[in-house]
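Student: I have a model open and would like to learn how to read its features. Where do we begin?

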Amino acid sequence: MNSDIASPHDLTQLEETGTQKRERFLTKFTPYGFLSPYILIYGVFGIFPVFFMIYLSFHLWNPVEGLSSMEYVGFENYVLSLTDPQLWQTMWNTLVMAILSGVPQHLFALPLAYFLVMMGPKVRHWLTTAYFLPYITSTVAVSMIFYVMYSKDSGIINAVLAYLADAGWSSWLFGGLKDVLPLGWVQENSLIRYSVSFVVWWKYVGFNTVIYTAGLATISHDLYEAAKIDGANSWQRFRHVSLPLLKPFIFFGVTLTIIGNMNLFDEPFVLTVGGQFAQTAGKTISNYLYQIAWEWLDMGAAAAVSWILFVVIGIFTAVYFYFFGRQGLGGE
Amino acid sequence: MKTQLKAGVAALSLLAAATFAADIRIDGFPDYDTQINAIKDGLPQHNIEMLKNNHGDHHNKLKTNLATGSGAGDVVLIDVGFIGSFVNAGGFVDLSDFYKGMAGDYASYAVEAGKGNDGKQYAVPVDLGPGVMYFRRDYMEDMGFDLDEVMTDWDTYVAYGAELKKKGILLIGNASAIANAYYRFNVAEGEGLYFDADGKSLVTSERFVRGFELAKAVRDGGMDGNISEWTEDWYAGFREGKFATQMSGAWLLGHLKNWIAPDTSGLWGVSNLPAGTYGTWGGSYLAIPKQAKNPAAAWDLIQYMISEDIQLAGFKNIAAFPAHTGTYSDPSFNESIEFLRGQKARQMFANIANNITPVTPMNGDLIAEDLVNQALDKVLNDGVSIEKALKDAEKQIKRRVR
């Protein structure tokens, strides 16, 4: 783009004076000068680590021993990781939690967004803000609060359940819980996935709601009116007008959910106290790769695991694109 | 005018301090900040600053510092659990020549553990964790139990738990501590915690099997609360007297007394572990990273911190049990401890510290620790058999420790 500005000069002038040369150089590179802080930061923290990680995944490296201790091992890290039962266990845990938290997110956010839009702008703005709040709150802080609520002996969830199991009016429904209370929400392998998924669901449902409200706002009112005149009821208008036109938004939202949930780290990390408890079912692959890197000091293997995770996410997203991409991206 | 003069003098002395005194930084975790603040005036020739992070973050930061070769303090505090991974990493100054003349003053097992495979001293012990059992006196002698009988061996200890259960009291917060104690405190001379001298894994050995069996017996007998340690529920358990015993390093006393359960003063006692086992649980080291800007001044600080008086001060300030064995004859070791209903416990700690078999820190300790704990979790919570869990752990350890 910038060379366009400079090119008329080149054609008319066969020989350039020093000043002109400098001028030309300046016109050409000044924009990059202004961009350089971003390019530099992105290069150092974005591009470089990616390539360094490729390099790293073929080496054995204990970071504590310094950069010079790196040793080339070929595909050993990949072989070691791919044949590691824990890798597949944590991959499975991640997938289960991704589905447990991801599917309800969208099933809940879509109708919620529809209701919000129906309620008119004033209510919508206030409520969207409220629903969006969890999303902008620090994940670690949120998870710690949930950890306290999930607490076995002093947590509010068990306290409420104990009350419901005891109280006359609700004991017919909750009485059966008496034998199992207090529940170890974050201690038991059988419960941890639900506990983690609920936090994830709670945190991201608002984000998806905002996407869908924005999507619904793009749908022209005329279409609803036309449908109404044709005798479509509220459900039919949602099903046959809103839903098809929301497809690109659903596509966008679900893609983000797939990528985000497969990278799940903070919530399970905090809720299992850094992977100390209920780790058989509660440890995600990101938690595992953190453990390999920073607790076992095996950076090479950790790099290999993250590339494996990258490929898996790539495959999931590709499959999703293959089946829904054409509709989702607005094509025919 | 007067204030101006004062300010001028202050500025001048600051300048002087900056010129003549070395600025050194020590990186560490709590409660050492309390200790440093209390003692740093005793070393006026240096300007000492402390960078405090919590235990986990401190060690993570140190790993990054060592990896990149920059950012570490002049002196770093290292928990014994990390020593095995760190002393052979080549990132620390060899302290052998400085330490040579004084090494004999410190608990020998801890001194040994600070040496690398090349026999050089890379880290020096500053506090120790003699392994003990804290118990509630109101659930012991006040209920008619006899401590010596209960602690005869591990079976009598578990039997005590069964008796307590009848009264609705738990033996321990989490049975995993029993397994941990058993395999930590029965290490044969020359062995590591998880590996023998040749680096071969020991995790399927009798020591681990028996430890796991004991923990499983306690869990299956409903004698523990399956409460996660170092969480609010655990602290509440101490405060409310939910469980009768807890094994740990002697240092737990400081935590109990200062913040976990100060109101339970007088209800506690401390004992040797069942079967009179001596063992170590925790402890800290000091080391100088090669990247330190001022290693000479750093050694001054280390020397000061491990000197007899300061070791005693640390014992009083933060209940860090001294590595300096000369301190054990100090009169304060005969003082009775109110929190433990007047027990003269320090003599016991000292006795343990003098009798511990050295455990050799090994390169794969961190990996093995994680995988063994994972195996224990599977045995206690998922009903996996001990044999299978340990075999799986060993298989993974063999793969992972490269």
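Tutor: This is a predicted model. Begin with Arg341(B), which sits in the loop between strand E9 (321–322) and helix H15 (345–355) of chain B.

Student: What is the phi of Arg341(B)?

Tutor: The general idea is that most residues other than glycine have a negative phi, and most peptide bonds are trans. Arg341(B) has a phi near 55°, a positive value in a residue other than glycine. Arg341(B) counts as partly exposed because it has 15 C-beta neighbours inside 10 Å. Ala275(B) also has a positive phi, of about 65°, and is not a glycine. Ala275(B) belongs to the loop between strand E7 (268–271) and strand E8 (280–287) of chain B. With 15 other C-beta atoms within 10 Å, Ala275(B) is partly exposed.

Student: Which residues does a cis peptide bond join in chain A?

Tutor: Leu181(A) and Pro182(A), with omega about -5°. Pro182(A) is in the loop between helix H8 (171–174) and helix H9 (192–218) of chain A. In chain B, the peptide bond from Pro30(B) to Asp31(B) is cis, with omega near 0°. Asp31(B) lies in the loop between strand E1 (22–28) and helix H2 (32–39) of chain B.

Student: Is Lys115(B) buried or exposed?

Tutor: A residue is buried if 20 or more other C-beta atoms lie within 10 Å of its own. Lys115(B) has 21 C-beta neighbours inside 10 Å, so it counts as buried. Its place is the loop between helix H6 (108–113) and strand E4 (124–136) of chain B. Leaving aside neighbours within four places in sequence, Lys115(B) is in contact with Val87(B), Lys120(B) and Gln121(B). From Lys115(B) to Asp31(B) the C-alpha distance is 25 Å, and the two are 84 residues apart in sequence.

Student: Where do helix H4 and helix H14 of chain A touch?

Tutor: On a helix, residues three or four places apart point the same way, because an α-helix has 3.6 residues a turn. Here the axes of helix H4 (residues 85–118) and helix H14 (residues 285–295) of chain A come within 8 Å and cross at roughly 145°. H4(A) contributes Gln86(A), Leu87(A), Thr90(A), Met91(A) and Thr94(A), and H14(A) contributes Ile285(A), Asn287(A) and Tyr288(A). These contact residues divide into four nonpolar, four polar and no charged.

Student: Which residues touch the most other members of the largest nonpolar core?

Tutor: Val305(A), Ala123(B), Ile178(B) and Leu286(B), in a core of 144 residues. The largest share of this core, nine residues, comes from H16(B). Another core, of 35 residues, lies apart from it and has Leu110(A) and Val196(A) among its members.

Student: How many residues does the contact take from each chain?

Tutor: It takes 29 residues from chain B and 27 residues from chain A. On the side of chain B that touches chain A, H16(B) gives the largest share, eight residues. The residues on that side divide into eight nonpolar, 11 polar and 10 charged.

Methods. Residues numbered from 1 in each chain as written. Chains lettered and ligands numbered in written order. Predicted model: local features only at pLDDT ≥ 70, side-chain atom pairs only at ≥ 80, totals over all residues. Contact = placed C-beta atoms within 7 Å. Helix = DSSP H or I, 4+ residues; strand = E, 2+ residues; numbered from the N terminus. Nonpolar A, V, L, I, M, F, W, Y, C, P; charged D, E, K, R; others polar. Buried ≥ 20, exposed ≤ 12 C-beta atoms within 10 Å, placed from the backbone. Axes fitted to C-alpha atoms, helices over the stretch in contact; angles between N-to-C directions. Core = buried A, V, L, I, M, F, W, Y, C linked by C-beta atoms within 7 Å.
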